[in-house]
Structures are given as structure tokens and as C-alpha cells.
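Q: I'd like to go through this model with you, one topic at a time. Could you keep the answers careful and define terms as they come up?

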Amino acid sequence: THFGFETISEAQKEKKVGAVFSSVASSYDTMNDLMSLGIHRIWKDHFVRSLNPGSTSGKGWNILDVAGGTGDIAFRMLDHATQVNGDHSTKVTIADINPDMLAEGKKRALASKYADTGRLHFVLGNAESMPSMPSDSVDLYTVAFGIRNFTNKDAALREAFRVLRPGGVFACLEFSHVNSTLFNAVYKRWSFGAIPLIGQLVAGDRDSYQYLVESIERFPAQEEFRAMIGDAGFLVPGLGYENLSGGIASIHRGIKP
Ligand code: SAM
């Protein structure tokens, strides 16, 4: 049946995404630096600074970092809460579908100053359904470079809406669409030409990086993604998104009313 076919292809997509991230887990951080020429660090720093996680009142935030992988966003948020807001109570739960990515994150956590602080938790799970996360419990939901890999993005947005408390913030950092034709031509040359090649040379895995480049191309443009966030029930403030590096990446935000 049509329905049956769809189920199989969704399962296959999930398996493919799983294989891609298992294969890249150990080289993931180095590859990010090479592929983005280090710029992903600037985007991530900006993302976290703009969210200003943590509170000065002593009551920490409950943050959920979905598709948190090796913890790039989670560590930055804890650092920001602690160093900028003097907040030692904010906690981050990293949820990810891939045990190999989580294992890399756990390794980093053990070697970090957050080992044994109880401020960092790891949960294996699919963003589309997180039954272990109570409704209305999360202050800030972040997802960085994750949502474009989800099979059902609308389901993930609805699940984000469910777990956030009223007034809670959904924030997404993701590759997006470049609107300057000239810059886009240069960028496409880099992503379709150089990235799979770097993948092959450095990680010995051309296919996974080819898949990553294609998934960026298929992800909805800024306005369309903004509408999806609104459809999930979020209030979308102002323009709803901020372009980074000419739209190579963008930050989208929504507030649960
Ligand atoms: N957020 C991290 C960062 O910015 O460095 C990791 C991003 S990595 C490109 C994408 C992550 O999404 C991978 O760790 C992958 O396992 C995870 N992922 C893919 N599909 C998922 C799903 N349906 N639910 C939860 N995580 C998923």
C-alpha cells in the first residue's frame, strides 16, 4: 500500500541518518572545522549569546538540546549561564537519536568541568517523540544543525511545543538558503565540490558528506521554515529569523504562548 511504502521509506531514511552519524561521530568535530573553515564556532557562539541562557535570580533554567550530538551547544550554554549570569543551577539535557554521537558527548562531559555537577544529562531518543520528557517542563529548547535530518519535522516541532512551558523558547540554528546569486554560486561550488572531497580525504567517507550537503539543499528556506514553526503553535516574533553569513545558516525562534 501507499501507506506501507511510506513507512518503509521513513524507516530507511532514519537508518541512513543513523549510519551517517555513526560513521562521522569520531571525526565530527574536526570535520565541522574543516568544512565550515571554523565558522560554525562563530555561529554557535552567536546563537548561544543571543539566547542568553541562565538567570541571575538563582533559579536555573531547564534546557533541552535536541540532536545535541557531541554537546557543542550544551557546553556553550552551561559556560554562558555560569560565566555571564553567575548561574550554577541551569541544567542541560542532550537528546540524540544516535548512541555513537552521545558517547562522544559523554566522553567530553567526563573530561569537562561539568563532570559530576549533575548539570548535564544525556538521553537517547527521537526528537519526533520524547515520551520521557514531561509536557510544559522546558524553559529553552535548542536544536542546532539537527532538524534538517529529521524524517518528520512537523512532528518534531509539535513535540518541542509540547515539552516547552508557556513562555518557553524554541530556538533553531540550521543551514539555510543564500539569497545573493553570486555568493550562492561560490557557496554551491564549495559545498558540492569540496565538502565530499574533504569527507573522503579526512574521514574516508565521501557518501556521508555527500548526503549532508544534499540534506542542506533540501531543507526549506527561511520563510517556509518560519511558517512551519507558526503552524506548530508558536508565536514568531518579528521577522522570525536571523541570517548568518549571508544566509548560509539562520537562527529561527518561536515562543510558546
Ligand atoms: N547539535 C550538534 C552540533 O551543533 O554540533 C550536533 C549536530 S549533528 C550535525 C546532527 C545530530 O542530529 C546528530 O547527532 C544526529 O544523530 C542527530 N539526529 C538526527 N536525527 C535525529 C532525530 N530524529 N532525533 C534526534 N536526533 C537526531
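Q: To start, is aspartate 72 buried or exposed?

A: Aspartate 72 counts as buried, at 10% relative accessibility, where buried means under 20% relative accessible area, exposed over 50% and partly exposed in between, with a 1.4 Å probe and protein chains only. Please keep in mind that this is a predicted model, in which local features need pLDDT of at least 70 and side-chain atom pairs count only at pLDDT 80 or more, while totals for chains, interfaces and linings use all residues. Residues are numbered from 1 along each chain as its sequence is written, and side-chain values use heavy atoms, with hydrogens and water left out.

Q: And which element is aspartate 72 in, and what is it in contact with?

A: Aspartate 72 lies in helix H4, residues 72-85; helices (H or I, at least four residues) and strands (E, at least two) are DSSP runs, numbered from the N terminus. Setting aside neighbours within four places in sequence, aspartate 72 is in contact (heavy atoms within 4.5 Å) with Asp29, His40, Lys44 and Arg108. The side chains of aspartate 72 and lysine 44 are joined by a polar contact of 2.7 Å, that is, a pair of N or O atoms within 3.5 Å; within protein, one must be able to donate a hydrogen and the other to accept it, and residues adjacent in sequence count only if both atoms are side-chain atoms.

Q: What does lysine 44 do around the ligand?

A: A polar side-chain atom of lysine 44 lies 3.0 Å from an oxygen atom of the ligand. On the backbone side, an N or O atom of alanine 127 is 2.9 Å from a ligand nitrogen, and a polar backbone atom of isoleucine 97 is 3.3 Å from a nitrogen atom of the ligand. The protein covers 98% of the 600 Å² of accessible area that the ligand has on its own, with areas from the Shrake-Rupley method and a 1.4 Å probe; for residues, only the protein chains shown count as cover.

Q: How many residues surround the ligand?

A: There are 19, and the closest are Ala67, Asp96, Asn126, Ala127 and Ala144; a residue is near a molecule or strand if one of its heavy atoms lies within 4 Å of it.

Q: Changing topic, which residues touch the most other members of the largest nonpolar core?

A: Of its 29 residues, these are Trp43, Phe47, Met77, Val92, Leu120, Leu173 and Phe175, where a nonpolar core is a set of buried Ala, Val, Leu, Ile, Met, Phe, Trp, Tyr and Cys residues joined through side-chain atoms within 4.5 Å. The largest share of this core, five residues, comes from H4.

Q: Where is leucine 120, then?

A: Leucine 120 is in strand S3, residues 120-124, and is buried, with a relative accessible area of 12%. Not counting residues up to four places away in sequence, leucine 120 touches Ala74, Phe75, Leu78, Val92, Ile94, Ala109 and Tyr114.

Q: Why is strand S7 largely enclosed?

A: Five of the seven residues of S7 (residues 249-255) are buried, so the strand is largely enclosed by the rest of the structure.

Q: Which strands pair with S7?

A: Strand S5 (residues 164-175) pairs with S7 in the antiparallel sense over seven bridges, and S6 (residues 241-244) pairs with S7, also antiparallel, over four bridges; pairing requires that DSSP finds at least two bridges between two strands. Valine 169 stands opposite isoleucine 255 in S7, while leucine 244 has alanine 249 in S7 as its bridge partner.
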